[in-house]
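Student: I would like to go through this model and ask what stands behind each label.
Tutor: Go ahead, one label at a time.

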Amino acid sequence: MDGLLLGCGLRRSEVVSLNLDQLQSREGHWVIVNLVGKGARIRTVPVPWWAKELVDAWLKHRV
């Protein structure tokens, strides 16, 4: 999930704790909603199109 680390600026612990239902389309853009980050702050993070494509490819080829 290097795309999420780089494209969204997430920490490793944030990527590991993600659920697929947190990845949502809002107003024509992909975002990660209700992300609990450092200091227990809850935020919504935009996801670049290329990072979303990497996630889709990973989901397609996972075992």
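Student: Where is Gln22 found?
Tutor: Gln22 is found in the loop between α2 (12-16) and β1 (23-26). Helices (H or I, at least four residues) and strands (E, at least two) are DSSP runs, numbered from the N terminus. This is a predicted model: local features need pLDDT of at least 70, side-chain atom pairs count only at pLDDT 80 or more, and totals for chains, interfaces and linings use all residues. Residues are numbered from 1 along each chain as its sequence is written, and side-chain values use heavy atoms, with hydrogens and water left out.

Student: Why is Gln22 called buried?
Tutor: Buried means under 20% relative accessible area, exposed over 50%, and partly exposed in between (1.4 Å probe, protein chains only). Gln22 has a relative accessible area of 12%, so it is buried.

Student: Which residues does Gln22 touch, not counting those up to four places away in sequence?
Tutor: They are Ser17, Val31, Ile32, Val33, Asn34 and Leu35. Contact means heavy atoms within 4.5 Å.

Student: What is known about Asn34?
Tutor: Asn34 is in strand β2 (residues 29-36). Asn34 has a positive phi of about 55° although it is not a glycine. With a relative accessible area of 53%, Asn34 is exposed.

Student: Which residues line the largest pocket?
Tutor: Gln22 is one of them, and the lining also includes Met1, Leu4, Ile32, Val55, Trp58 and Leu59. Helix α3 gives the most to this lining, with three residues. The volume of the largest pocket is about 180 Å³.

Student: What makes a space a pocket and not a cavity?
Tutor: On a 1 Å grid over the protein atoms alone, a cavity is a set of points where a 1.4 Å probe fits but cannot get out, whereas a pocket is an open set with protein on both sides within 12 Å along at least five of seven lines; lining residues have an atom within 4 Å of a point.

Student: What makes Arg43 and Glu14 a salt bridge?
Tutor: A salt bridge is a side-chain nitrogen of Lys or Arg within 4 Å of a carboxyl oxygen of Asp or Glu. For Arg43 and Glu14 the N to O value is 3.0 Å, so the pair meets the rule. Arg43 lies in strand β3 (residues 42-47) and Glu14 in helix α2, so the pair ties together parts that are 29 residues apart in sequence.

Student: Is Glu14 buried or exposed?
Tutor: Glu14 has a relative accessible area of 2%, so it is buried.

Student: Why is Leu54 called partly exposed?
Tutor: Its relative accessibility is 46%, so Leu54 counts as partly exposed. Leu54 is found in helix α3.

How values were computed: Grid points are joined across faces, edges and corners, and a volume is the space filled by probe spheres set on the points.
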